[in-house]
Amino acid sequence: LSAHEKRALAAACDWLVGFSQATSSVEEQVDRLFGIWACTSGLNCSRRQLARFRKQARRLPQFEWFRFGSDPLFVLAVYRAMISIGLRHASLSDLNVGYCSVLRDDETAASSLGVIVDLLRANGGDPCWPEHRSLCLPDLPAFVTGGRAEAIKVSRDIMMASSCGTREICAAKVVPALPGIAFSYARDWDIGCTCAVLRACAYLGCGGEPAARWATDWLLDQQQSDGRFDIAMPPADSKAGDSSSLDATIDVVWAIAELNHPGFLLKSLDARFPTR
Amino acid sequence: VSTFSSISSCWDAGFSWVVNHLESFLPADLNSPDQLKEITELSLFYAHVGLWIPAAEKATLAPLGAFLHSFLAKNMQLANQLRRFPSQCNPYLLTYLPLRIAGFRIPGFEEAIGVLNRAGYPEALETMPYRELELQYVAWKAGLRKTPASWGSAYRATVLGRTGSPVYFTLFDVYSVTHTLIYLTGFCGPATVPTGESRRAIAVVEALLVHYWRKPDWDVTAELLINLLALDRYDTQLFEGAVGAIMHAWREDGALPGPHFRKESEADPEHLFRNCYHTTLVGLILCAGYLYRVRLRSDCFVSA
């Protein structure tokens with residue numbers, strides 16, 4: 001983690017901690033906690049950062065798990081983080097059980113949701129455990145010319161199949177272009193797509209390639225003085241006000257954390273920082 | 001094998017297209033240096049491709065040589081313009097010097113070059129660093145300079161020699177990168193490139209290649225692929241994939257569409273020529289360069 005990245009994560013964490021909860025939905029609060037956890041992990045889980053995360057996590061209200069309408073990855077990762085620091089949360093526990101029951105008999109769905117299945121298990125659940133993980137990647141030309149949606153889908157498929165880089169997968173067809181695609185979307189001023197592809201680079205071990213480093217440096221250039229990342233937003237993703245800043249800021253801190261600690265969502269604190 | 005044969009087919013089709021459009025390369029106003037762009041590019045193309053194609057196939061270039069020589073020898077107005085306006089010498093020199101590379105001499109231009117040299121041109125011009133490299137390279141190839149352009153001060157003054165991250169490069173900066181490499185490596189190499197500069201150049205060029213292939217912009221993509229040829233980086237999936245995409249985009253009539261070409265205007269010959277001639281010439285240089293490098297490599301294998 002470079003000094004610049006450390007400063008950027010610390011400032012982003014300050015902004016996320018100060019983000020108004022009064023008007024936030026449960027989903028937004030979970031997303032925000034996920035961002036704070038990414039900053040905490042990116043900053044090597046210092047005692048101060050952990051204390052901040054703990055304080056924020058304790059404020060997460062109870063909710064009806066089946067009404068939760070956001071990315072299951074974020075909420076399961078937040079639950080995983082809370083468990084790893086000794087916090088319990090009844091709604092998150094119910095949600096883990098509920099998602100396990102949904103996936104228990106659906107091997108097809110489970111085989112394409114590798115990291116979700118791993119998080120459910122890491123959180124004490126018992127989802128279906130598929131023998132094989134499905135991963136169908138396009139060939140190199142189709143990937144390069146497939147457009148933004150394809151780049152994001154491929155990156156997410158890589159994340160799912162590799163469980164955030166904690167399992168080996170064969171992605172040789174797209175690896176030669178992956179850092180260049182991250183770089184290319186940075187040139188197009190597209191934070192969301194750049195982050196998604198950079199995370200895929202981190203999972204496949206090519207996050208240190210020059211093109212990926214240039215894309216990462218560009219991300220850091222998008223930070224405002226208050227810590228949020230939102231100078232560049234793609235037209236398709238533009239929303240009004242702080243919500244768009246929240247999405248972009250979470251995207252960036254997650255990417256930076258993965259580039260430095262691939263798979264931090266799944267690894268236990270002790271495994272990642274044995275000397276703590 | 002498939003890349004080689006598809007490149008050979010595109011070369012044949014593209015070269016025929018150029019030969020069939022020679023008249024369109026001529027400037028409407030000989031007194032305007034701005035109108036020499038097309039004929040200058042044709043001349044540069046003719047001279048350099050002539051250095052790479054096998055002796056047995058050189059006769060195919062003869063119509064181009066005859067056309068260019070006839071145009072320059074007939075219109076002495078151009079040589080006179082060169083003498084009258086030394087500060088605007090670049091387009092005139094870059095049209096004539098490639099013919100000199102191919103072995104032609106036109107007395108009026110030779111005299112004009114003598115006048116320019118005595119007056120201290122082209123050294124007196126303040127030129128963009130990569131344009132300076134271009135003139136140094138062409139003058140060297142044409143026998144007017146003893147040494148080639150080097151990885152020295154002129155290179156260090158270019159965008160590639162000065163900057164770190166290419167993420168903010170404008171299209172103009174990218175042209176500077178491709179042209180800097182083209183003139184330091186003799187278009188498609190083989191060239192001796194300092195290791196550190198080679199590694200950095202490959203990283204910059206490959207990142208930009210993905211970007212311009214994605215857009216797509218076949219003009220810049222082809223120039224970047226020429227750079228990779230020269231940097232000996234053409235046995236990669238990325239190179240093969242991008243070359244394949246260019247060959248796929250090549251039109252059946254032999255033209256390679258430029259970034260501003262509109263399919264709905266293809267029936268307009270003026271639109272077709274203006275928006276395809278440059279990209280077609282660059283694509284043909286890529287084809288000729290690739291075939292040359294592959295032949296060179298197989299000759300090495302045979303002699304080994």
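Is Ile231(A) buried, partly exposed or exposed? Ile231(A) is partly exposed, at 47% relative accessible area (buried means under 20%, exposed over 50%, partly exposed in between, with a 1.4 Å probe and protein chains only). This is a predicted model, where local features need pLDDT of at least 70 and side-chain atom pairs count only at pLDDT 80 or more, while totals for chains, interfaces and linings use all residues. Residues are numbered from 1 along each chain as its sequence is written, chains are lettered from A in the order in which they are written, and side-chain values use heavy atoms, leaving out hydrogens and water.

**Around Ile231(A)**
- You can find Ile231(A) in the loop between helix H12 (210-221) and helix H13 (241-260) of chain A (helices are DSSP runs of H or I, at least four residues, numbered from the N terminus).

**Salt bridges**
- Over all chains there are 25 salt bridges (a side-chain nitrogen of Lys or Arg within 4 Å of a carboxyl oxygen of Asp or Glu).
- Glu41(B) pairs with Lys37(B) in a salt bridge, their closest N and O atoms being 3.0 Å apart.
- Both residues, Glu41(B) and Lys37(B), sit in helix H2 of chain B, four residues apart, about one turn of the helix.
- Glu41(B) is buried at 15% relative accessibility, whereas Lys37(B) is partly exposed at 46%.
- Asp232(B) and Arg293(B) form another salt bridge, with closest N and O atoms 2.4 Å apart.
- Asp232(B) is in the loop between H12 and helix H13 (237-249) of chain B and Arg293(B) is in helix H14, so this pair ties together parts 61 residues apart in sequence.
- Arg293(B) is buried, with a relative accessible area of 6%, while Asp232(B) is partly exposed at 48%.

Note on methods. Helix = DSSP H or I, 4+ residues; strand = E, 2+ residues; numbered from the N terminus.
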